[in-house]
Amino acid sequence: MPTILLLGIFSLWPVAQSLSYTFFDYQLNNQQKAGLYVNERFNANLFNETGLYVSMFLDEDLNNISDASDQEAVSEMIKRVDEATGEYAKTKGVISISDDEKAEIDSLYKDSLSLINNLNKKYELIHKEDLPALIDDFNNSIIPSNFIGLQGYKKALTDERIGIALANTLVFTIISVFFELILGLGLALILNKAIFGQGIIRTTSLIPWAIPTAVAALMWSYLYDGTSGVVAMFFENIGLVEDSRNLLLSSAGAMFSTILADVWKTTPYMALLLLAGLQNIPGSLYEAASIDGATKIQSFFRVTLPLLKPSILVALLFRTLDAFRVFDLIYVLTGGGPGGATETLSIYTYKVMFGQTNFGYGSVVVMLMFVCVALIAVLFVKILGANIMEKN
């Protein structure tokens with residue numbers, strides 16, 4: 001029960017909350033959509049603030065109105081606005097209101113807007129441009145429901161930018177994990193050998209993985225700098241790029257650069273996971289294979305790889321899920337550029353949720369990532385056919 005409780009609080013509850021956001025057009029930069037509203041609501045704070053400024057501006061423009069009937073109409077409107085705001089003076093935040101209250105507010109909005117339009121035609125008011133915009137906030141204080149159901153998912157399935165971000169994510173994940181597995185396996189075989197200074201070699205090899213990702217990305221950005229970067233100059237000298245200044249300014253160059261930095265950073269982690277599997281293989285099996293006449297290569301493919309299969313599954317699963325969710329490396333190194341060439345799903349989600357403060361649609365992208373991650377985990381276990389718990 002404690003395990004289920006902790007799992008529910010730290011894992012299931014955030015997922016459930018993100019799922020609930022996907023059914024709403026939830027945008028913090030829009031007062032009418034800055035909450036989860038299933039039914040129509042009333043923003044008392046906005047209404048009271050608007051009423052205060054409308055009354056003050058009308059009172060200031062009263063001296064510019066010469067017609068007595070118009071002066072009386074303005075005075076009556078000021079009194080009406082003050083009475084309406086007085087009813088909600090002690091009310092704060094977003095509340096529910098009755099149909100009669102809504103009709104009264106709607107009538108106030110229409111009458112005040114009509115009055116201001118007539119006055120602007122006859123007189124040169126001080127707040128000629130401000131008053132119509134202010135009065136619109138009377139109407140904006142009525143918050144319509146922002147429940148959209150599955151419309152967010154429908155939009156996401158036709159969003160071309162999500163398709164590009166998903167393709168970039170898959171390219172980054174597949175290529176980086178492939179090279180990390182090959183290089184990590186080679187490094188693990190070296191670390192598994194009984195050689196002089198083994199402890200120092202193992203410690204040194206883990207330094208790239210121990211460096212925080214943001215720091216490593218910043219370091220690589222200096223190395224890729226087109227004017228003084230050592231790596232950029234090296235790539236230009238060997239003919240990999242025509243101009244070192246274009247390394248991070250071209251689509252292919254930027255993607256290649258992020259993959260190289262990720263492979264350098266996380267290959268030691270892959271090696272560490274595989275090294276744990278190698279150390280569980282009994283040495284007697286290699287002795288038996290040697291007695292039977294097996295070469296080193298045959299022992300690797302007939303003994304090492306089959307027995308290392310569960311460890312490879314775990315390493316591939318962890319690294320694939322980690323690479324699929326990559327954010328900090330690309331955010332620091334390229335920011336998703338140039339022109340979205342390295343924009344992954346995580347980067348796109350960040351831009352939608354925190355750049356545009358659109359948490360509704362951003363949560364939709366998050367849930368699509370959740371589905372992709374779940375599918376990756378299932379496919380790895382099913383296709384590789386290895387039992388992580390080694391029950392067999």
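## Cavity

The structure holds one cavity of 30 Å³ or more. The model is predicted: local features need pLDDT of at least 70, side-chain atom pairs count only at pLDDT 80 or more, and totals for chains, interfaces and linings use all residues. Residues are numbered from 1 along each chain as its sequence is written, and side-chain values use heavy atoms, with hydrogens and water left out. A cavity is a set of points, on a 1 Å grid over the protein atoms alone, where a 1.4 Å probe fits but cannot get out; lining residues have an atom within 4 Å of a point. A volume is the space filled by probe spheres set on the points, which are joined across faces, edges and corners.

The largest cavity contains about 30 Å³ of space. Its lining consists of Phe 47, Ala 84, Glu 87, Tyr 88, Glu 104, Ile 105 and Leu 108. Two or more of these residues come from each of helix H3 (68-87) and helix H4 (99-122), and H4 gives the most, with three residues. Helices (H or I, at least four residues) and strands (E, at least two) are DSSP runs, numbered from the N terminus. By class, the cavity lining has five nonpolar, no polar and two charged residues. Ala, Val, Leu, Ile, Met, Phe, Trp, Tyr, Cys and Pro count as nonpolar, Asp, Glu, Lys and Arg as charged, and the others, Gly among them, as polar.

## Largest pocket

The largest pocket has a volume of about 370 Å³. A pocket is an open set of points with protein on both sides within 12 Å along at least five of seven lines. The residues lining the largest pocket include Leu 189, Asn 192, Lys 193, Leu 278 and Tyr 286, together with Ser 290, Ala 294, Thr 295, Lys 296, Ser 299, Phe 300 and Thr 304.

Helix H13 (283-291) and helix H14 (296-324) are the elements that give two or more residues to this lining. H14 gives the most, with four residues. Five nonpolar, five polar and two charged residues make up the pocket lining.

## Helix packing

The axes of helix H7 (residues 160-191) and helix H12 (residues 251-278) come within 6 Å and cross at roughly 45 degrees. Axes are lines fitted to C-alpha atoms, for helices over the stretch in contact, and angles run from 0 to 180 degrees between N-to-C directions. H7 and H12 are therefore oblique to each other. Angles under 35 degrees count as roughly parallel, over 145 as roughly antiparallel, 65 to 115 as roughly perpendicular and the rest as oblique. The crossing of H7 with H12 is right-handed, and their contact has 21 nonpolar, six polar and two charged residues.

Helix H2 (residues 44-61) and H3 have axes that come within 9 Å and cross at roughly 160 degrees; H2 and H3 are therefore roughly antiparallel to each other. Their crossing is left-handed. A crossing is left-handed if the near helix is turned anticlockwise from the far one by less than a right angle, and right-handed if clockwise.

## Sheet

Three strands form an open sheet in the order S2-S1-S3, with antiparallel pairing. Strand S2 (94-95) and strand S3 (142-143) are the edge strands, each pairing on one side only. Two strands pair if DSSP finds at least two bridges between them.

Strand S1 (residues 41-43) pairs with S2 in the antiparallel sense over two bridges. Asn 43 has Val 94, in S2, as its bridge partner.

## Backbone exceptions

Most residues other than glycine have a negative phi, and most peptide bonds are trans. The peptide bond from Gly 337 to Pro 338 is cis, with omega near -5 degrees. Pro 338 lies in the loop between helix H15 (328-333) and helix H16 (345-355).

Thr 357, although not a glycine, has a positive phi of about 50 degrees. Thr 357 is located in the loop between H16 and helix H17 (359-384).
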